[in-house]
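Here are some exercises to work through with the model open in your viewer. Try each task before reading its solution.

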Amino acid sequence: MQLQLLPTSHTFFTRFSLSPFIHRNPNMTSGSNSLMWFRKGLRIHDNPALEYAAKNSNHVYPVFVIDPHYMKPDPNSFSPGSNLAGLNRIRFLLESLVDLDSGLKKLGSRLLVLHGEPSDVVIRCLKEWDIKRLCFEYDTEPYYQALDTKVKNYALENGIEVFSPVTHTLFNPVEVIEKNGGKPPLSYQSFLKLAGEPHWSISSPPSTIPPIGDLGNCEVSEVPTVEQLGYQDFQEEDPDPPLFKGGESEALRRLQESTNNKEWVAKFEKPKGDPSAFIRPSTTMLSPYLKFGCLSTRYFYQRVKEVQQEVKNHTSPPVSLIGQIPWNDDDELLAAWRDARTGFPWIDAIMVQLRKWGWIHHLARHSVACFLTRGDLFVHWEKGRDVFERLLIDSDWAINNGNWLWLSCSSFFYQYNRIYSPISFGKKYDPTGAYIRHFLPVLKDMPKEYIYEPWKAPLSVQTKAKCIIGKDYPKPVICHDDAIKECKRRLAAAYELNKKTNGVVSDEDMKKLRRKLVEDQGQGNDSRRLKQKLI
């Protein structure tokens, strides 16, 4: 199947656009104060909320709140960063804020950075600065929905106009769900049929922004550095140079660079990308900029459509079963996967790249997600989702959840017999193992015949390569051939139960299924024990 070069894939439900929430104050006079609350949408171009804040205002206060919920250092996490976000994402965000501040200064304003619980901080600013108009981009994530409700309620109770357009996304999910009888569509093709063509126009950037008024008693600062946030003690050892520089300026530069090759854009096919390409990755690599709104999704879409109109024969864009499967609850296997100690070089190299770069190719994401869940380890998809949520710079709440549901065959996708092999899949793209040698230098001298299965190398070969398996690099944590059979057996049983119960699976049904799977496994040969000793 051919996919169009758009900011989404099969996780269609994550890139919608809601109709703006607008509450107008009929008593608001021209020249009142406006507050522009930045969260995502960290850009000047195509920003209707910013444009509206600047319109007929006497003063505009552009605000970003450093939220300890996401930004406070956590020394106990498995990698540098906060409890919820890795250092790569935090650094990218701060760089994006610096660039936004620079863009605002060119328009006669600047970014006001405050610290604290965002809803409390914003409400305090509304009071202190006598704000009559509050503008911010709508956010579909549950965490921000709760914050927004609290702030909007205060604003409405105090006669403050609220303008909250959803420009982070392309389509209106409310309309799509309504067209589908109140339920979200469960396939990409059904979504396309319901959604139709987007209907919006790109917002013009303001030529100037009214000045900031009196700051009163609100404590405002410049954009902090990672060191000022307390991350000086959490630097990675020998990291690769950061691959992504945050900010709108860099986003627009990369977009221009990507769309200069019109033939490549028009003929782009997502499934044919090379996940092992690390010197020159085979995608636009714009996802972090779309995630933080440094690049407008709508503007990106428009640019791609313009290219497609110029080039003939361009590509075109591309069911829920069960959410509860008796997954393994094995923190040891999870840690081996997360920390690149599975003993499968293709999987471990991807996880090293994820930790160092904060980004991996979408097919690499598919590989490690399949390996952790339905392919080999049978660990719950939510465990992997949480690791991705923390380490990916471009992590998006809805996309992340949707992709893990899809790739674990818990929902949307049911062909559980299609497995991404931890051996042959990577070898198809990179037979010499250059990708593995780069991210796992301990294997750099391993002959190509054994680079994907180093445990099969004779001891003399391992010695010559200065990499003894089980000492310098882990033995495989499972036997892949046995693991895929066991995973398929479990999924088949779960799907059969789902079919038998018409999708209404009770706790008692799940207990019986777990008991049956354990009994069936116990009747097998003890020599087929899946889990092997970790080093």
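**Exercise 1.** Find which backbone nitrogen a side-chain oxygen of D330 reaches at the start of α12, then work out how enclosed this helix is.

*Solution.* This is a predicted model, so the distances below are computed from predicted coordinates.

- Step 1: Begin at the start of α12, where a side-chain oxygen of D330 comes within 3.0 Å of the backbone nitrogen of E332.
- Step 2: Go through the helix, residues 331-338, and list the buried positions: L333, L334, A335, A336, W337 and R338.
- Step 3: Draw the conclusion. Six of the eight residues of α12 are buried, so the helix is largely enclosed by the rest of the structure.
- Step 4: Look for the packing partners. The buried residues of α12 pack against α13 (345-357), α14 (362-375), α15 (381-391) and α16 (397-407).
- Step 5: α12 is followed by A340, which has a positive phi, near 60 degrees.

**Exercise 2.** Trace the strand pairings of β2, and say in which sense β2 pairs with β3 and with β5.

*Solution.* 

- Step 1: Check the cover of β2 (32-38). Seven of its seven residues are buried.
- Step 2: Take β3 (57-66) as a partner. β2 and β3 pair in the parallel sense, over seven bridges, and N33 stands opposite H59 in β3.
- Step 3: Follow the chain between these two strands. Together with helix α1 (residues 48-54), β2 and β3 form a right-handed β-α-β unit.
- Step 4: Turn to β5. Its pairing with β2 is parallel too, over five bridges, with W37 opposite F136 in β5.

**Exercise 3.** Is E137 buried or exposed, and which side chain does it join through a polar contact of 2.7 Å?

*Solution.* 

- Step 1: Apply the cut-off. Buried means under 20% relative accessible area, and E137, at 7% relative accessibility, therefore counts as buried.
- Step 2: Search for polar partners. The side chain of E137 makes a polar contact of 2.7 Å with that of T167, and a polar atom of the E137 side chain is 3.2 Å from the backbone nitrogen of H168.
- Step 3: The contacts of E137 then include R39, K40, R43, A49 and S164.

**Exercise 4.** How much space lies in the second largest cavity, and which element supplies the largest share of its lining?

*Solution.* 

- Step 1: Read off the volume, about 370 Å³.
- Step 2: Inspect the lining of 23 residues; F64, Y70, L93, Y144 and F292 lie nearest the centre of the cavity.
- Step 3: Assign the lining to elements. β2, β3, α2 (68-71) and α3 (87-106) each supply at least two residues, and the largest share, three residues, comes from α3.

Methods
Residues are numbered from 1 along each chain as its sequence is written. This is a predicted model: local features need pLDDT of at least 70, side-chain atom pairs count only at pLDDT 80 or more; totals for chains, interfaces and linings use all residues. Side-chain values use heavy atoms; hydrogens and water are left out. Buried means under 20% relative accessible area, exposed over 50%, partly exposed in between (1.4 Å probe, protein chains only). A polar contact is a pair of N or O atoms within 3.5 Å; within protein, one must be able to donate a hydrogen and the other to accept it, and residues adjacent in sequence count only if both atoms are side-chain atoms. Contact means heavy atoms within 4.5 Å. On a 1 Å grid over the protein atoms alone, a cavity is a set of points where a 1.4 Å probe fits but cannot get out, and a pocket is an open set with protein on both sides within 12 Å along at least five of seven lines; lining residues have an atom within 4 Å of a point. Grid points are joined across faces, edges and corners, and a volume is the space filled by probe spheres set on the points. Helices (H or I, at least four residues) and strands (E, at least two) are DSSP runs, numbered from the N terminus. Two strands pair if DSSP finds at least two bridges between them. A crossover is right-handed if, with the strands pointing away from the viewer, the path from the first strand over the helix to the second runs clockwise. Lists of a residue's contacts leave out its neighbours within four places in sequence.
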